[in-house]
Amino acid sequence: MRQAGVNTVSLAIFSWGRIQPSEHEWDFDWLDCVIDKLGRGGIAVDLASATATAPMWLYESHPEVLPVESNGDIVNPGSRQSWRPTSPVFKRYALQLCSRLAERYRDNPYVTAWHINNEYGWNNRYDYSDDALKAFRIWCRQRYGSIDALNEAWGTAFWAQQVHSFEEVILPKHMGSDAMVNPSQQLDFERFGSDALKDFYKSERDTIERICPDKPCTTNFMVSTEQCSMDYADWSDEVDFVSNDHYFTAGRSHLDELLCSDALVDSLALGKPWYVMEHSTSAVQWKPLNSRKRAGELIRDAVAHVAMGADAINYFQWRQSSAGAEAFHSSMLPHAGADSKIFREVCELGEALKTLADAGLQGSVLEESHAAILFDADCEWATRCQTLPSTSLSHWHDVRTWYQAFLDSSSRADVVPLRADWTGYDTIVMPTMLLLSRQEADRIASFVHGGGRLVASYATGLADDRFHVALGGYPGLLRETLGVRGEEFNILGKLEGDPDDVGLSNGFTSRLWENVVTSVAQTARVLATYSGDAAVDWELDEVPAIVRNRYGAGSAYYIGCDLGRSDIAGFVDTELHDLVTAADNRVVHTRRRGAQADFDFYFNRSKDKATIHDVPGEAVFLYRADAVDSSAVYALDRSGVVVTASSR
Ligand code: GLA
């Protein structure tokens with residue numbers, strides 16, 4: 001580890017079975033020894049509460065802690081997170097472990113932080129047990145106060161779902177293969193699941209903090225390509241520093257996707273540096289096909305996380321295990337041993353991170369962009385609902401497409417939670433934000449009225465935060481701000497004999513969803529309509545597709561259909577051109593601002609060589625890149641990185 005420059009280890013995440021081999025037996029000797037060895041070697045310990053997975057004896061004596069699937073099947077032990085977040089029995093054992101660890105290590109100088117549990121919700125995000133039911137009823141009572149309010153919010157008059165007391169409230173369990181869950185109830189169940197796990201986190205944290213008040217606590221979020229499953233904007237206040245696990249998705253968009261996930265994590269970190277708690281040196285082992293990283297990507301990815309605000313770079317796992325489910329998951333020290341490409345790159349990364357730290361990078365913060373793409377967990381949950389006009393929606397997916405389109409246009413946007421304060425941005429983008437509370441809709445309207453610029457995409461603002469459709473024409477909650485009114489949705493798919501895409505008069509193409517806009521306000525200008533044979537076939541010819549409305553001192557764009565990445569980039573180029581820089585779009589640039597210096601980061605997003613000009617400051621770190629002629633010009637190879645520092 002010293003050879004690789006490792007200075008922090010996250011330890012004992014899944015070690016409960018080793019620490020407490022049976023109910024009345026505790027064994028800390030091995031852990032004392034590991035912590036001591038690390039500490040004396042100059043390596044700090046982020047010590048886990050070790051509660052992520054219980055030992056087998058606990059499952060045997062208390063099978064009632066196991067989660068239940070939607071169809072009533074009990075989850076078997078043997079994997080991770082096989083416990084009910086709402087089980088009082090599990091909580092008692094878990095908090096006992098937290099106390100024992102906190103008592104033992106509170107004064108240990110080598111333990112510098114607490115890693116509470118691990119990836120809350122990975123395997124127990126949805127639990128349909130009796131404990132969950134009990135807790136859900138309490139949650140509903142707290143949210144609604146009266147059963148009438150719940151009936152109203154869930155629209156229970158539909159399909160005879162009325163309940164007369166909170167004791168009659170049920171979980172949205174499997175109801176038969178053709179059954180459809182009440183979307184309002186499902187949305188609340190999603191919220192409840194996130195809250196139940198957050199409460200569990202808070203109990204663990206509070207138990208440890210009571211005994212060991214001086215060491216910071218974190219838990220690793222999971223903002224990554226395929227998921228952003230918890231309402232992390234609601235969690236981030238509860239951690240002393242934000243940490244995130246990010247696993248790459250192989251393919252052309254690998255770097256873009258990493259930057260987009262990190263953009264959200266950086267916003268969650270509330271202006272403070274954060275931690276990459278886990279990522280991989282190369283392939284994982286849990287996908288159907290597990291691609292390795294290409295040469296250069298290990299270091300490029302790690303420095304990209306730093307460029308987006310991370311001050312610590314951790315990997316799962318140190319030594320590649322020889323047995324068990326994760327034996328083929330990459331690591332820092334691979335099966336091949338220290339004489340290996342991966343370990344050499346890990347050592348090179350250790351040097352690189354030291355160079356950046358020595359240059360004073362740590363503590364500096366990511367500079368804000370002018371545009372914010374808004375993200376909201378409720379909207380992501382809502383767009384995955386199975387009773388919408390199309391089941392192909394995902395708010396998070398569309399956030400990523402917009403993020404990438406900005407990069408394609410040589411510009412960059414931040415990704416900001418809806419409930420944050422985004423009023424300082426010039427431009428906000430709302431991709432597929434299906435749900436909005438009345439208050440949020442008002443906040444958006446006054447942002448535009450006061451001079452802001454809004455871009456709202458299809459399926460935005462259709463329903464309120466109870467999942468009630470706002471009446472009078474779509475998009476009910478933003479109709480006035482956007483200056484449009486629609487009456488129907490045109491949904492495309494692979495329907496035999498019907499066109500599966502529709503062209504727009506400006507050359508763009510829609511492939512999924514078109515709002516049938518029937519009128520636009522006098523203050524609005526139609527920028528594109530549907531046109532061409534497919535538009536005629538679908539009776540969309542001449543229907544407004546992209547509209548710009550003047551609203552107060554600001555402007556609001558309405559994009560009434562889904563667009564692909566290149567069309568969105570075309571939209572950014574033409575309509576948001578003030579955000580577009582003259583830089584080569586094959587290179588992405590970020591800046592971290594510190595007290596003493598600013599740090600500029602450049603990454604080659606393409607497979608080709610790219611050249612950057614007028615780079616400020618002195619080179620601090622060049623990777624797969626060279627200075628050309630003068631120091632302000634650099635050539636970057638594939639996966640190339642340039643970092644410069646400018647004193648303030
Ligand atoms: C999760 C867990 C880790 C490990 C990785 C593998 O993130 O927290 O322990 O299993 O997945 O990618």
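Guide: Start with burial: buried means under 20% relative accessible area, exposed over 50% and partly exposed in between, with a 1.4 Å probe and protein chains only. This is a predicted model, where local features need pLDDT of at least 70, side-chain atom pairs count only at pLDDT 80 or more, and totals for chains, interfaces and linings use all residues. Residues are numbered from 1 along each chain as its sequence is written, and side-chain values use heavy atoms, leaving out hydrogens and water.

Visitor: Why is Glu380 called buried?

Guide: Glu380 has 5% relative accessibility, so it counts as buried.

Visitor: What makes Arg384 and Glu380 a salt bridge?

Guide: A salt bridge needs a side-chain nitrogen of Lys or Arg within 4 Å of a carboxyl oxygen of Asp or Glu. The side chains of Arg384 and Glu380 meet at 2.9 Å, N to O. By this rule the count comes to 37 salt bridges.

Visitor: How do you know that Arg104 and Asp32 form a salt bridge?

Guide: The closest N and O atoms of Arg104 and Asp32 are 2.6 Å apart. The two residues come from distant parts of the chain: Arg104 is in helix α4 (residues 88–105), Asp32 in helix α2 (residues 29–40), 72 residues apart. Helices (H or I, at least four residues) and strands (E, at least two) are DSSP runs, numbered from the N terminus.

Visitor: Why are Arg104 and Asp32 called partly exposed?

Guide: Arg104 stands at 41% relative accessibility, so it counts as partly exposed. Asp32 has a relative accessible area of 25%, so it is partly exposed as well.

Visitor: What makes Arg548 and Glu575 a salt bridge?

Guide: Their closest N and O atoms are 3.4 Å apart. This pair also links distant parts of the chain, with Arg548 in strand β19 (residues 544–551) and Glu575 in helix α17 (residues 565–575), 27 residues apart. Arg548, at 25% relative accessibility, is partly exposed, whereas Glu575, at 18%, is buried. Elsewhere, salt bridges that share partners join Glu367, Arg591, Arg593, Asp598, Asp600 and Arg648 into one network.

Visitor: On to the rings. Why is the pair of Tyr120 and Trp235 called tilted?

Guide: Rings of Phe, Tyr and Trp (its six-membered ring) pair if their centres lie within 6.5 Å; planes under 30 degrees apart are stacked, over 60 edge-to-face and the rest tilted. The count comes to 36 aromatic pairs. Tyr120 and Trp235 lie 5.6 Å apart, centre to centre, with 55° between the planes, and are tilted. Tyr120 lies in the loop between β3 (111–115) and α5 (130–144) and Trp235 in helix α8 (residues 232–235), so the pair ties together parts 115 residues apart in sequence. Tyr120 and Trp235 are both buried.

Visitor: What makes Trp139 and Phe192 edge-to-face?

Guide: Their ring centres are 6.3 Å apart and their planes at 75°, so the pair is edge-to-face. Trp139 is in helix α5 and Phe192 in helix α7 (residues 183–211), 53 residues apart. Trp139 is buried at 11% relative accessibility, and Phe192 is buried at 5%. Ring pairs link both into a cluster with Tyr126, Tyr128, Phe136, Trp154 and Phe189.

Visitor: How do you know that the charged end of Arg100 sits over the ring of Trp26?

Guide: The rule asks for NZ of Lys or CZ of Arg within 6 Å of the ring centre and within 35 degrees of the ring normal. The charged end of Arg100 is 4.3 Å from the centre of the Trp26 ring and sits over it. Arg18 does likewise over Trp30, 4.7 Å from the ring centre.

Visitor: Why is α5 called roughly perpendicular to α6?

Guide: Axes are lines fitted to C-alpha atoms, for helices over the stretch in contact, and angles run from 0 to 180 degrees between N-to-C directions. Helices α5 and α6 (residues 147–154) pack at about 95°, axes 8 Å apart. Angles under 35 degrees are roughly parallel, over 145 roughly antiparallel, 65 to 115 roughly perpendicular and the rest oblique. That makes α5 roughly perpendicular to α6. Phe136, Cys140 and Tyr144 in α5 meet Ala149, Leu150, Ala153 and Trp154 in α6, where contact means heavy atoms within 4.5 Å.
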